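Hi,

Here's the structure I promised to pass on. Have a look at it first, then read on for what turned up.

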Amino acid sequence: MSDVAAVEVTNLVKDFKGPFRGKMVHAVKDVSLSIAPGEVYGLIGPNGSGKSTTMKAVLGLVAPTSGTCSIFGKDSSKVDSRSEVGFLPENPYFYKHLTAAETVRFYGRLCGMRGRALKDRIEEMLELVGLQDARDRRLKGFSKGMLQRIGLAQALVQDPRLVVLDEPTAGVDPTGSREIRDLILELKTRGVTVFLCSHLLEQVQEICDRVGIIHHGVLVNEGSLDDLISLEDKTELILGNPSPDLMEQIRSLVDVTHGAELVSEGRARTTLESLFLKETQGQRTGSTQILRARKSQKRATK
Amino acid sequence: MSRPASTSFFSLRRAFIIAQSTVTQLVRMKVFYFLAPIALLFLGLQFFDAFWYEGPEALMPEQELRMHKNLCLGTMMLFTSLFAIVSTALLIPGDIEDRTLYTILCKPVPRLDYLVGKLFGVIAVIFIAMLVMDLLLVATLHYRTEAKLADMTEYMTRLGYPEREVKAGRAEIAAHGPTLVLQFGVLAHFLKACVIAAVALLISTFSTSTLFTIATSVMIWIIGAFQSIARDGLFSDPALGGEPNLAERIVGTLISLVFPDFQLFEAISDAAARAENVLPADMAQLAGLSAVYVGIYVVLSWFVFSDKEF
């Protein structure tokens with residue numbers, strides 16, 4: 001794997017002029033971050049904290065007031081740097097007059113793809129995001145979730161080494177959200193670097209290797225997820241079918257141990273999302289499941 | 001997959017892909033439906049024949065044909081100019097508003113490719129529309145000219161005109177038919193529409209709304225149509241033998257650089273309608289001038305657009 005960082009942001013400052021020569025708005029203040037190749041990095045923060053501006057600076061959509069951004073060692077402001085990037089904006093809109101297949105084809109051609117390779121890639125991408133059945137439907141009839149999926153397909157069409165996702169599951173139902181999450185994890189296993197912004201902290205926690213927290217344009221905390229969220233002085237113990245006697249013994253043991261304290265005790269809980277997925281399983285045509293089955297079949301035949 | 005090679009400064013292929021998508025977009029927006037009333041108008045003009053031909057105020061056949069051409073060329077000019085403004089004004093701000101532009105510019109697409117592609121797309125649609133209208137014009141004019149030639153021949157023969165005069169009369173009418181000069185007139189309108197589209201492209205790169213782009217482009221179109229008259233009136237009257245001084249010449253040149261002189265295009269079109277001789281060299285000069293105008297506006301658009309933040 002290359003030593004060059006997938007994304008390198010150094011002392012990024014971005015100021016916007018206020019209307020009518022008003023006060024300058026300092027959107028990003030001296031942010032530095034580095035994302036290693038193959039890493040899944042989550043940038044989280046409240047609305048207006050500078051997440052999207054940082055992302056846009058990385059993609060060359062805004063010019064830094066000072067500081068630099070690079071992608072695999074290439075200056076972000078140069079077009080070359082975008083050859084290996086796939087981007088999915090928040091609430092993406094595409095040309096509504098194009099069909100799903102035409103949309104992927106359009107972006108593929110922009111990346112220099114053509115011929116048989118492009119044709120195969122279109123089918124592969126539509127299958128990956130579960131839109132094979134909608135391949136010839138125009139995007140104007142697509143739901144928000146479907147637009148998000150086609151957005152992912154166009155982002156991945158040229159097989160980029162870096163995928164930048166801005167709120168990838170915004171407006172997507174929990175099942176779709178889970179599928180997108182699985183897809184991100186699959187990208188990770190393939191060595192693709194993922195840089196994502198999300199408000200869904202639980203999702204970030206589940207898929208990211210490292211997280212940066214940005215607030216008022218300042219990167220206030222950054223590190224590996226384990227380092228950031230583990231509580232040094234607390235230990236969690238989840239037992240399966242513990243008898244009342246066993247529980248009593250544990251309590252007694254804690255009582256007689258100097259400095260130890262039982263903070264809380266109760267039944268372990270599932271998440272609402274897991275419950276939802278369990279209850280709705282089988283009620284929706286699971287394109288991803290079909291895809292997985294096909295992939296397993298292909299692997300088996302190989 | 002192999003790693004991509006470096007992206008060239010400008011790629012005609014990428015511009016072509018964007019142009020192709022723009023054509024598809026405009027076609028699927030059903031812009032060609034506007035051609036239906038124009039076709040009806042062109043065909044409807046045939047029925048005015050009897051009205052003009054009869055009575056004491058009857059027009060000469062060549063006057064009728066000139067009127068036919070004037071109406072058709074005027075309609076073509078109006079349609080293509082307005083179409084060039086509105087479609088260009090809608091496309092780029094539309095891409096910015098719905099963030100389609102983000103996904104395009106995040107691919108290895110230089111901004112110049114995007115601008116040129118959009119402009120080429122609009123120009124291609126104008127070309128197709130112009131071609132359809134031109135075919136209609138040629139067909140209706142041919143039909144009408146043939147009818148006039150038959151009438152005139154029959155009329156002059158009946159009155160016992162010598163064959164030489166019949167031949168001269170026929171030649172005069174035929175000159176008002178679908179000739180190469182008429183095609184120069186159509187081409188002049190096409191070139192004018194290309195320049196207007198380039199003007200609208202420039203405005204749309206810094207404009208904040210579609211309405212502003214359309215209003216400003218229409219204003220420039222109007223100024224461009226009358227600027228030569230205004231320059232003559234303001235600075236010196238050539239009819240009185242006045243020569244512009246240096247300051248007037250500089251201001252005049254600046255105005256003609258900022259606002260394209262559409263009178264030049266109209267001059268060719270008017271000459272075509274009057275069946276006057278238009279030299280291919282004049283046409284080539286007009287095409288060259290249009291290319292310079294389009295080139296300047298595209299470069300200016302690129303300067304503005306290359307630093308634009310989204």
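How many helices and how many strands are there in chain B? Twelve helices and zero strands. Before you go further, bear in mind that this is a predicted model.

Staying with chain B for a moment: the pattern along the sequence reads α-α-α-α-α-α-α-α-α-α-α-α. The chain has 310 residues, and 40% of them count as buried. If you take the contacts in chain B with a separation of 6 or more, 84% come from residues 24 or more positions apart.

Next, the core. The largest nonpolar core has 142 residues, and those with the most contacts inside it are Ala153(A), Val164(A), Ile126(B), Ala197(B) and Ala198(B). Helix H8 of chain B (residues 180-206) gives the most to this core, with 18 residues. I also looked up the surroundings of Ile126(B): apart from neighbours within four places in sequence, Ile126(B) is in contact with Thr80(B), Phe83(B), Ala84(B), Phe190(B) and Ala193(B).

Chain A is where you'll find the sheet. It is an open one of six strands, in the order E6-E7-E8-E3-E9-E10, and the pairing is mixed. Strands E6 (85-88) and E10 (218-224) of chain A are at the edges with a single partner strand each, so one side of each has no neighbour in the sheet. From one strand to the next, the twist averages 15 degrees.

At the E10 end, E9(A) (residues 210-215) and E10(A) run antiparallel and are joined by six bridges. In that pair, His215(A) stands opposite Val218(A) of E10(A).

Two helices of chain A go with this sheet. Helix H4 (residues 144-156) packs on it and touches E6 and E7 (162-166) of chain A, with its direction at about 165 degrees to that of E6(A). Helix H5 (residues 174-189) of chain A lies across E3 (40-44), E7 and E8 (193-197) of chain A, and runs at about 150 degrees to E8(A).

Glu127(A) sits 9.2 Å from Ala153(A), C-alpha to C-alpha, although the two are 26 residues apart in sequence. Ala153(A) is one of the core residues named above.

Cheers

Note on methods. Residues numbered from 1 in each chain as written. Chains lettered and ligands numbered in written order. Predicted model: local features only at pLDDT ≥ 70, side-chain atom pairs only at ≥ 80, totals over all residues. Core = buried A, V, L, I, M, F, W, Y, C linked by C-beta atoms within 7 Å. Buried ≥ 20, exposed ≤ 12 C-beta atoms within 10 Å, placed from the backbone. Helix = DSSP H or I, 4+ residues; strand = E, 2+ residues; numbered from the N terminus. Contact = placed C-beta atoms within 7 Å. Pairing = 2+ DSSP bridges. Axes fitted to C-alpha atoms, helices over the stretch in contact; angles between N-to-C directions.
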